[in-house]
Amino acid sequence: MAKGDPGAPARGRRAAPRSRKATTGDPELVQLLTPSGERIESVTGPDGTEYRVDFTDEEYRGLYRDLVLVRKLDAEATALQRQGELGIWASLLGQEAAQVGSGRALRTQDMAFPTYREHGVLYCRGIDPIMPLGLFRGVDQGGWDPNEFKFNMYTIVIGAQTLHATGYAMGVAMDGKTGTDDGEAVIAYFGDGATSQGDVNEAFVWAGVFNSPLVFFCQNNQYAISEPLERQTRIPLYRRAAGFGFPGVRVDGNDVLATYAVTRHALDNARHGQGPSLIEAYTYRMGAHTTSDDPTRYRIASEVEAWQAKDPIARMKAFLEREKIADAGFFTEVDEQARREAVDLRERVLAMPNPEPDTMFDHVYPNGSPLLDEQRAQFSRYLESFEGSAH
């Protein structure tokens with residue numbers, strides 16, 4: 001697990017690469033690791049903030065391991081859905097660095113509010129990766145304890161979790177849990193499409209007005225299901241923060257080092273009572289929105305290929321090789337660990353019971369209702385009508 005802090009004195013064993021004011025090609029993008037694996041010591045963002053990380057070699061290797069394992073487990077879940085073992089699955093393919101970088105930037109006391117795609121953050125919070133698969137198989141509602149892991153349940157309603165996070169963050173401030181190095185901070189995850197939802201903009205208003213210790217983390221993966229970014233906004237998403245009275249920053253979401261540095265800085269500002277901020281992690285969804293989506297209907301292959309050249313795992317591997325931090329034996333060992341964990345995940349999913357359809361009525365109301373009872377009865381009669389048929 002990576003534990004280095006942005007802004008800490010350098011302690012590496014090799015000569016430090018040069019600093020830059022901004023990454024090549026996009027002056028608004030904070031980047032510490034180029035697509036070719038070149039390490040940048042520090043970057044000064046548009047607002048003058050200097051971003052850098054200080055990791056040991058073991059921590060660099062740990063970040064790479066996280067990225068590979070998270071991708072492999074995600075791929076296994078996609079395969080399970082295709083084989084009829086899950087009802088649906090929302091893949092994070094291509095967004096591993098945004099999730100691992102931000103997830104590892106969280107401190108133990110911080111609280112996260114995810115959407116339904118933050119499998120990488122879930123993994124970084126120490127939650128068994130089987131948990132979301134139970135949800136998408138329909139046998140439970142997720143299964144983990146949000147208070148124990150400081151990671152809320154998945155939220156399917158687009159943008160709703162930003163309001164939950166804002167209320168929680170307001171409570172943190174009212175309880176006097178900010179203002180020190182040990183203060184608490186909150187992070188809310190959402191996608192670029194969610195920025196068009198009223199819930200997200202209302203959360204911006206409340207968080208800004210009440211100076212809540214909250215980081216809004218937008219994974220801009222370029223598409224809100226089938227709608228491209230240009231149909232969501234005419235300006236970079238991070239600039240919207242200014243209209244609500246708090247800072248925003250855009251980070252290379254395929255760069256795990258920069259994502260970590262930017263997120264840790266924002267969280268530390270929040271825990272010290274400096275209010276909310278917006279991070280736009282500029283990344284790309286290399287797969288489908290969910291397993292019920294066909295991305296070939298709204299985007300071209302050349303676009304996908306261009307983003308594959310910016311793959312977050314490939315660039316981290318190139319960095320490790322370039323700096324001789326890892327050898328072939330390490331990469332082989334990580335791949336084997338990922339394979340074993342994927343096989344274990346598959347076996348445990350297959351061992352899950354098939355969900356009983358009428359259990360969807362069990363917890364709608366704490367004491368039931370006549371109308372619900374009638375709906376259950378109608379649904380039961382509908383299911384019985386298939387008995388003895390070929391369906």
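1. The charged end of Lys317 lies over the ring of Phe331, at 5.0 Å from the ring centre. Likewise, Lys310 places its charged end over the ring of Trp307, 4.3 Å from the centre. A charge sits over a ring if NZ of Lys or CZ of Arg is within 6 Å of the ring centre and within 35 degrees of the ring normal.

2. This is a predicted model, in which local features need pLDDT of at least 70 and side-chain atom pairs count only at pLDDT 80 or more, while totals for chains, interfaces and linings use all residues. Residues are numbered from 1 along each chain as its sequence is written, and side-chain values use heavy atoms, with hydrogens and water left out.

3. The model contains 28 aromatic pairs (rings of Phe, Tyr and Trp, the last by its six-membered ring, with centres within 6.5 Å; planes under 30 degrees apart count as stacked, over 60 as edge-to-face and the rest as tilted). Trp89 and Phe136 pair edge-to-face, with 5.3 Å between centres and 80 degrees between planes. Both residues are buried (under 20% relative accessible area, with a 1.4 Å probe and protein chains only).

4. Trp89 and Phe136 also belong to one aromatic cluster, together with Trp144, Phe151 and Tyr154.

5. The ring centres of Tyr223 and Tyr298 are 5.4 Å apart and their planes stand at 50 degrees, so this pair is tilted. Tyr223 and Tyr298 are both buried.

Conventions:
Buried < 20%, exposed > 50% of the residue type's maximum accessible area, 1.4 Å probe, protein only.
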